[in-house]
Amino acid sequence: MIETINLTKRYGSFTALNDLNLKIEKGTVFGFVGHNGAGKSTTFSILATLLAPTSGAAFVNGYNVSTEAKEVRNHIGYMPDFFGVYDQFKTVEYLDFYGASYGISPAERQILIPQLLELVNLSNKSDVYVDLLSRGMKQRLCLARSLIHDPEVLILDEPASGLDPRARIEMREILKELKNMGKTILISSHILPELAEMCDEIGVITNGELVASGSVADIQEQLQANKIINVKLASDLEKAVLFFEDHHRVSTVTKNPNRDMLSFAFTGNDEEQIALLKKALDHGLAILSFSQEESNLEDVFLEITKGVDFA
Ligand SMILES: Nc1ncnc2c1ncn2[C@@H]1O[C@H](COP(=O)(O)OP(=O)(O)OP(=O)(O)O)[C@@H](O)[C@H]1O
């Protein structure tokens, strides 16, 4: 479990994080979404006990990051956005070194390390020097390193950044496995659709403030002022335009005569949408399809960060 209470971080007079309140329950995969400089890494560094907050508090599994750093470190696996790997090591030696530094016995390490390499798809690279690994492989090795002490909570700062599409998919699959293992995962990214797919909840941060949080569906619902509805007709497009224009929850009706389609913005709830469709059919409109445009998280993110000064 992760909790932050009015967490604030100032660098001199600059406020990087302002009264951040987060509550992430055990077993949740929480996506932290924000533009460059929004405050994601600052938050993660505080949770990883590497940076002291200016005010407020943060807890991991009930331990205070400021006063119980050792316990917090035992409970978290942290993958920073920039990390160094000791390139004079072979992959297996690298993990062995970290395992030893966590006090894991040689016998345990012998069992554990092949399992970890398998989890991150690096079994066939165990004897390769770390500096010869590709970027995606290094990211996965770093993930394996963060798992070596079997932490309950994972704090992953942009683990998919800089990866090509295939490597991203591989990373996503590994994270799914970790979720299935019951880990609590806090992950940041600006690759929003990917987060939407794998996260239970999302928090959107802009300029150090949490501007939205909840399930992906909740956020979309909260923030989607206008739904866009597309209607395809078998005939009578003009009659349909007049009908929809007349409805008090409908605005901006646009037609596409070449495809016998029209679309409009609708501000009603689901029941009102059903009632509108029924009324249209009762009105004699020959409707072939009536569908709401899916807005993805990318649209939502752009909508809620509209007007935010990213400078
Ligand atoms: N040590 C520091 N001194 C001064 N300002 C800093 C320091 N570290 C970060 N900042 C500023 O704090 C803000 C938040 O930075 P942070 O690294 O947390 O953002 P981020 O959301 O992780 O961005 P990115 O997606 O680019 O990694 C930025 O404006 C950054 O310039």
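The model is a predicted one, in which local features need pLDDT of at least 70 and side-chain atom pairs count only at pLDDT 80 or more, whereas totals for chains, interfaces and linings use all residues. Residues are numbered from 1 along each chain as its sequence is written.

**The sheet with β12 and β13**

- Strands β12 (residues 250–256) and β13 (residues 261–266) run antiparallel and are joined by 5 bridges; strands, like helices, are DSSP runs numbered from the N terminus, with at least two residues (E) for a strand and at least four (H or I) for a helix, and two strands pair if DSSP finds at least two bridges between them.
- The hairpin of β12 and β13 has 4 residues between the strands, and in this hairpin aspartate 260 takes a positive phi near 50°.
- An open sheet of 4 strands is arranged in the order β12-β13-β11-β14, with antiparallel pairing.
- Because β12 and β14 (287–292) stand at the edges with a single partner strand each, one side of each is left without a neighbour in the sheet.
- On average, neighbouring strands of this sheet are turned by 15° against each other, direction ignored.
- Helix α9 (residues 237–245) lies across β11 (227–233), β12 and β13, and runs at about 170° to β12; axes are lines fitted to C-alpha atoms, for helices over the stretch in contact, with angles from 0 to 180 degrees between N-to-C directions, and contact requires that the C-beta atoms of two residues, placed from the backbone, lie within 7 Å.

**Domains**

- The protein is divided into domain 1 (2–222) and domain 2 (225–294), with bounds that come from an automatic or database domain assignment.
- The C-alpha centres of domain 1 and domain 2 lie 45 Å apart.

**Helix α5**

- Of the 12 residues of α5, 9 are buried, so this helix is largely enclosed by the rest of the structure; a residue is buried if 20 or more other C-beta atoms, placed from the backbone, lie within 10 Å of its own.
- The buried residues of α5, including Leu141, Cys142 and Leu143, pack against β6 (76–79), α3 (91–101), α4 (106–119), β7 (153–157) and α6 (165–180).

**Ligand shell**

- The ligand is surrounded by residues that include Tyr11, Phe14, Lys40, Ser41, Thr42 and Asp81, where a residue is near a molecule if its C-beta atom, placed from the backbone, lies within 6 Å of it.
- Two or more residues of this shell are given by each of β2 (14–24) and α1 (40–47), and the largest share, 3 residues, comes from α1.
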